[in-house]
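Biologist: I would like to learn how to read a model of this kind. Please take the features one by one, with the general idea ahead of the case.

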Amino acid sequence: MTVTDVPTYGHEELYPALGMLVVASADMESRLRYVVSELAGADPGWIIFEGQSVEWLVQNGKAVLRELEAARRWPQENSDRIRDAFRSALEANRLRNVMVHGEWRTDCLDWEKCMPRPSSGAVDLRIFHVCRSRYRKGFEERQFAVSDVEALADKMWSLERELKQSLKVAVDTWLGREPEVVAEVASD
């Protein structure tokens, strides 16, 4: 059987969006790993941060921030900005896990328990039902549209940029330099 022999069940527009989400989440996670490592000052210890989950990185990033705050390395608003980016990254990653690890269907398994799309989502009739694939955490079914997947990918790329910018501003402030705006570039 080849890839072209596998039935798509109307998912043709969904597959590119999921691919985009996977790439965006890898970019965000990589930046998160870098930021936490930099905050910890783990020059040769970067290996500690490799392979760690987003949850681990956020939890330990917050612990490092608490220590930096106690040492008064920079104004509180810099820590708050980084902490907000951590929180947003964790929320985005949880939603990403549902989308990436869930079973995508065109029909609903249980209308009474299916969580509808957010009313703030873009109008998109390409609606799917996603069931959590790990039932030991309980049954969960949610509606998503292709545009929801694309929006989450965009959010993760924005978070990647925010993590980069917030660290740069905090470090510049700590070193007594005037914080500068990081120009958006395609790669570092």
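Predicted model: local features only at pLDDT ≥ 70, side-chain atom pairs only at ≥ 80, totals over all residues.

Biologist: In what order do the four strands of the open sheet stand?

Modeller: Strands of a sheet pair through backbone hydrogen bonds, either parallel or antiparallel. Here the order is β1-β3-β4-β2, with mixed pairing. Strands are DSSP runs of E with at least two residues, helices are runs of H or I with at least four, and both are numbered from the N terminus. Two strands pair if DSSP finds at least two bridges between them. At the edges stand β1 and β2 (114–115), each with a single partner strand, so one side of each has no neighbour in the sheet.

Biologist: How many bridges join β1 to β3, and how many join β3 to β4?

Modeller: β1 and β3 run antiparallel and are joined by three bridges. β3 and β4 also run antiparallel, with five bridges between them. Arg105 has His129 in β3 as its bridge partner. Cys131 is opposite Glu103 on one strand pairing and opposite Glu141 in β4 on the other.

Biologist: Why is strand β3 described as largely enclosed by the rest of the structure?

Modeller: Four of the five residues of β3 (residues 127–131) are buried, so the strand is largely enclosed. Buried means under 20% relative accessible area, exposed means over 50%, and partly exposed is in between, with a 1.4 Å probe and protein chains only.

Biologist: Where is Glu103 found, and what does its side chain join?

Modeller: Glu103 is in strand β1 (residues 103–105). Its relative accessible area is 35%, so Glu103 is partly exposed. Its side chain makes a polar contact of 3.2 Å with that of Arg105. A polar contact is a pair of N or O atoms within 3.5 Å; within protein, one must be able to donate a hydrogen and the other to accept it, and residues adjacent in sequence count only if both atoms are side-chain atoms. Glu103 and Val130 are 27 residues apart in sequence, yet their C-alpha atoms are 5.3 Å apart.

Biologist: How many aromatic pairs does the structure hold?

Modeller: A pair of aromatic rings is described by the distance of the centres and the angle of the planes. Rings of Phe, Tyr and Trp (its six-membered ring) pair if their centres lie within 6.5 Å; planes under 30 degrees apart count as stacked, over 60 as edge-to-face and the rest as tilted. The structure holds three such pairs. In one, the rings of Phe49 and Trp56 have centres 5.9 Å apart and planes at 65 degrees, so that pair is edge-to-face. Phe49 is buried at 7% relative accessibility, whereas Trp56 is partly exposed at 26%. Trp104 and Phe144 make a tilted pair, 6.0 Å centre to centre with 40 degrees between the planes. This pair links distant parts of the chain, since Trp104 is in β1 and Phe144 is in β4 (residues 141–145), 40 residues apart. Trp104 is buried at 12%, and Phe144 is buried at 3%. Together with Phe128, Trp104 and Phe144 form one aromatic cluster.

Biologist: Which residues of helix α2 are buried, and which are exposed?

Modeller: The buried ones are Val54, Leu57, Val58, Gly61, Val64, Leu65, Leu68 and Glu69. They cover an arc of only 140 degrees around the axis, taken from the directions of the C-beta atoms, which puts them on the same side of α2. Gln59, Glu67 and Ala70 are exposed on the other side. The cover over the buried residues includes α1 (14–40) and α3 (76–101). Just after α2, Arg72 takes a positive phi of about 50 degrees.

Biologist: What is Ser25 in contact with?

Modeller: Contact means heavy atoms within 4.5 Å. Leaving aside neighbours within four places in sequence, Ser25 is in contact with Arg96 and Met156. Ser25 is in helix α1 and is buried at 5% relative accessibility. A polar atom of its side chain lies 3.0 Å from the backbone oxygen of Val22.

Definitions and conventions:
Residues numbered from 1 in each chain as written. Heavy atoms only, no water.
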